[in-house]
Amino acid sequence: MFSGSIPALVTPFRDGRFDEAVFRNFVDWQISEGSNGLVPCGTTGESATMSIAEHDRVVAVCVEQSAGRVPVIAGCGSNDTLVALDHMRSAQAAGADAALVVLPYYNRPNQEGVYAHFAYLAEHCDLPIIVYNVPGRTVTDIQPETLGRLAAIPSIVGIKDASGKSERVTAQRLACGPDFCQLSGNDDMALGFMAMGGRGCISVTANIAPRLCADFQKACLHGDWATALALQDRLFPLHTALFTDASPGPAKYALNAIRPSFPVELRLPMTFAGEASRKAVDAAMKVAGLI
């Protein structure tokens, strides 16, 4: 169902409000540049700073503007199971194709608690779920054995893996079966991830370089590893530069450089990318041929 380059969309804010017109244009541009899906209201979209009503509106606008041209995987995560369920139901009502649900953060549940969280969501809403594992942010980590139990639930269809552990791709395939959709959550590790059996990447870099990221994923999916390696080398400085300061500050700076109508505004506690980060982004965009 899901494969290729799937940007975790940044959210444009202007004067503290969601800039819907800019976002609609951004969605159209992403699709025209070859992105294979869209993720509104993920971490890169600053979902942690949105009200529930605002969050649901961003998802609804993304679904409406994409108009079925590509799948929409709506960010629906929360460390409160019932809030995550509300997000899923709202996303389903809006027409989203799946929910991206991060592991509960701060609470630090054990493996049984992680299982219970996702099993409850699947029991009470049949929207397909992509489990999002990012222990660098949540502290909690889902083990392959636990994911294997969840994969037996029909509506839990895949994982966005930002564990940073490349061996997980094989371990999870053995635990979950070959049809379970594994998407990388780390742009810089996506080449190895794809070589080990991944299906695609939920990407930060694709916000800035959607065509290059789509071409990279297409090469991987077709086994054209020479082309994929050349694109990896071209994109790698940008993968790194976009995390030289707190994300999505560098991403918004980079996007504004190539699409000046896109505002650089962030919501506290995020702040504008520092000078060193901006210089790194500028240099990386030159290497990628974007400026």
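A charge sits over a ring if NZ of Lys or CZ of Arg is within 6 Å of the ring centre and within 35 degrees of the ring normal. The exercises below use a predicted model, where local features need pLDDT of at least 70, side-chain atom pairs count only at pLDDT 80 or more, and totals for chains, interfaces and linings use all residues. Residues are numbered from 1 along each chain as its sequence is written, and side-chain values use heavy atoms, with hydrogens and water left out.

**Exercise 1. Describe the surroundings of K160.**

Step 1: K160 belongs to strand 7, residues 156–161; strands (E, at least two residues) and helices (H or I, at least four) are DSSP runs, numbered from the N terminus.

Step 2: look for a charge partner. K160 is buried but has no salt bridge, and the nearest side chain of opposite charge, D187, is 8.3 Å away. Here buried means under 20% relative accessible area, exposed over 50%, and partly exposed in between (1.4 Å probe, protein chains only). A salt bridge requires a side-chain nitrogen of Lys or Arg within 4 Å of a carboxyl oxygen of Asp or Glu. For charge, Lys and Arg count as positive and Asp and Glu as negative, while His and the chain ends are not counted.

Step 3: turn to Y132. K160 lies over the face of Y132, 4.1 Å from the ring centre.

**Exercise 2. Find the side chain that makes a polar contact with the side chain of Q172.**

Step 1: Q172 sits in helix 7, residues 168–176, and is buried at a relative accessible area of 0%.

Step 2: the partner is the side chain of Q182, at 2.7 Å.

Step 3: beyond four places in sequence, Q172 touches several residues, among them P144 and L147; contact means heavy atoms within 4.5 Å. P144 and L147 are among the buried residues of helix 6 (residues 144–151), and what covers those buried residues includes strand 7 and helix 7.

**Exercise 3. Classify the aromatic pair of F26 and F262.**

Step 1: apply the rule. Rings of Phe, Tyr and Trp (its six-membered ring) pair if their centres lie within 6.5 Å; planes under 30 degrees apart count as stacked, over 60 as edge-to-face and the rest as tilted. The count comes to 4 aromatic pairs.

Step 2: F26 and F262 are 5.2 Å apart centre to centre, with 65 degrees between the planes, and the pair is edge-to-face.

Step 3: F26 is in helix 1 (residues 20–32) and F262 in the loop between helix 11 (249–258) and helix 12 (275–288), so the pair ties together parts 236 residues apart in sequence. Ring pairs link F26, W29 and F262 into a cluster.

**Exercise 4. Which residue forms a salt bridge with R267?**

Step 1: the whole structure holds 11 salt bridges.

Step 2: R267 meets E54, at 2.7 Å from N to O. R267 lies in the loop between helix 11 and helix 12 and E54 in helix 2, so this pair ties together parts 213 residues apart in sequence.

Step 3: check accessibility. R267 is buried at 14%, and E54 is buried at 18%.

Notes: Polar contact = N/O pair within 3.5 Å; in protein donor to acceptor, adjacent residues only side chain to side chain.
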